[in-house]
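Reader: I would like to learn how to read a sheet and a domain interface. Can we take them in turn?

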Amino acid sequence: MSFPYSTLMVQGTTSDAGKSTVVAALCRLLKRQGVRVVPFKPQNMALNSAVTADGGEIGRAQALQAIAAGLPPHTDMNPILLKPSSDIGAQVIIHGQVRAEMNARDYHQYKTVAMQAVLESHERLLLQYECVVVEGAGSPAEINLRDRDIANMGFAEKVDCPVVLVADIDRGGVFAHIVGTLACLSESERNRTIGFVINRFRGDIKLLEPGLEWLEQQTGKPVLAVLPYLHGLFLDAEDAVQPVQASRGAFRVVVPSLPRMSNHTDFDALRAHPDVDLQFVRQGEPIPAADLIILPGSKNTRGDLDWLRTYGWPEKIERHLRYGGKVIGICGGFQMLGREVTDPLGMEGKAGASPALGLLDMVTEMRPDKRLSQVQGVCAFDGAQAPVSGYEIHMGVSTGSALATPAFTIDGRPEGALSADGQILGTYLHGLFDTPQAISALLCWAGLDSHNTVDTSALREASLDRIADATQPLLDALVALKSN
């Protein structure tokens, strides 16, 4: 198959309209047809990230899209990644490496520099692949951000590529979203918008058709596809925690929904396990009884420690341990389990030190260097030494006697910590539940006797194929549109 677009951009009327999924689906479809396709997102703001083959960091959604295209993730697929550390500040990552910590106003001025990194990556990808499928960010109708825009129409105008606009009908107001978005664009931006995708439709298509006809008459642009609402997908979330599935299992896992929680995709395998009932507990919600409490990663460890104290988590964790429960800390959550977290240079905001939970004999110091590594090894706490793989993304360095009893052996070195009583496990390893043998070993350690396993790779591949099958009408429409 010959695809008639060297660069095609997918933008959305709102955040979470389905841009990431549509890009992933197009990548999988084009890969099936033998097209050398690559995903690209100029700028991403997300706390879910992945480590690339070239030793950098990109948004988790672009790593998923790379899998859909049959490629190893690379930093050129997401040249600018912003990881919020506060309501007004973020860590700025360019070509996979930390460049600076900036507030929103300073970064807005910096975008002219960031755009050069974006264009460099796009140019390199064009030289290697037949088609670059680009994902926008948020909405192009955010007129307060259009000056120096590098994420949506600013990029599309710069490289002169066509744009497909996606809207989520499940939210309601889909026609207003599309017409209103076009009204906020310049004439040249409207002209490069070649058509619309109505996403997450469920119901009788006949009842929708009058609205589609009206929309095409009002805008003079075609509705390229109406995509169905697909239930039960197993796909990595770009940022927001996805709605939790209905409780199925009897084994209760509780995770505090920290304000700066990062890489909550660590829990996707647990949410898919038939014997597990996983619950994220948000601000002010009662903390339920659990078999296992997991402290997740954090982009602001000291700030999230304060949040835990405000909402009574230390007392709840201590009671949980007294009654024989188990606790796991991952990355920032691991740092919280120690005696103290220090940040002398203010890497995550204000410089200073904070007492941690005091559950492991360990202290952590935040330092400028960020460890980024894809890793594999075995579970040291498990007699069978179950294989485990994942990635490390962290800036802190932990020291203390707790590390003398590691939880894992990673790439030949000890990693993490296991408490003397065997109730507390800490690790810097993200993705520790994604290996079928590792999730079984970890749940067995936590007290679940189950013969069920979860293969996240197989679930992800099946979901990518499902969304690709559903998106075939869009690909057909894009080819037909160009041929006409």
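Reader: Which residue of strand 11 stands opposite Val-166?
Author: Strands of a sheet pair through backbone hydrogen bonds, either parallel or antiparallel. Here, Val-166 stands opposite Val-197. Strand 10 (163–168) and strand 11 (193–201) run parallel, joined by six bridges. Strands are DSSP runs of E, at least two residues, and helices are runs of H or I, at least four, numbered from the N terminus. Two strands pair if DSSP finds at least two bridges between them. This is a predicted model: local features need pLDDT of at least 70, side-chain atom pairs need 80 or more, and totals for chains, interfaces and linings use all residues. Residues are numbered from 1 along each chain as its sequence is written, and side-chain values use heavy atoms, without hydrogens and water.

Reader: In what order do the six strands lie in the open sheet?
Author: The order is 2-9-1-10-11-12, with parallel pairing. Strand 2 (37–40) and strand 12 (223–228) stand at the edges with a single partner strand each, so one side of each lacks a neighbour in the sheet.

Reader: What area is buried between domain 1 and domain 2?
Author: The size of an interface is often given as the accessible area lost when the parts come together. Domain 1 (7–229 + 462–483) and domain 2 (251–453) have bounds from an automatic or database domain assignment. They bury about 1,500 Å², summed over both parts with a 1.4 Å probe. Carbon and sulfur atoms give 48% of that area.

Reader: Which side chains meet in a salt bridge?
Author: A salt bridge is a side-chain nitrogen of Lys or Arg within 4 Å of a carboxyl oxygen of Asp or Glu. Glu-57 and Lys-370 meet at 2.9 Å, N to O.

Methods. Buried area is the accessible area (1.4 Å probe) that two parts lose on being put together, summed over both.
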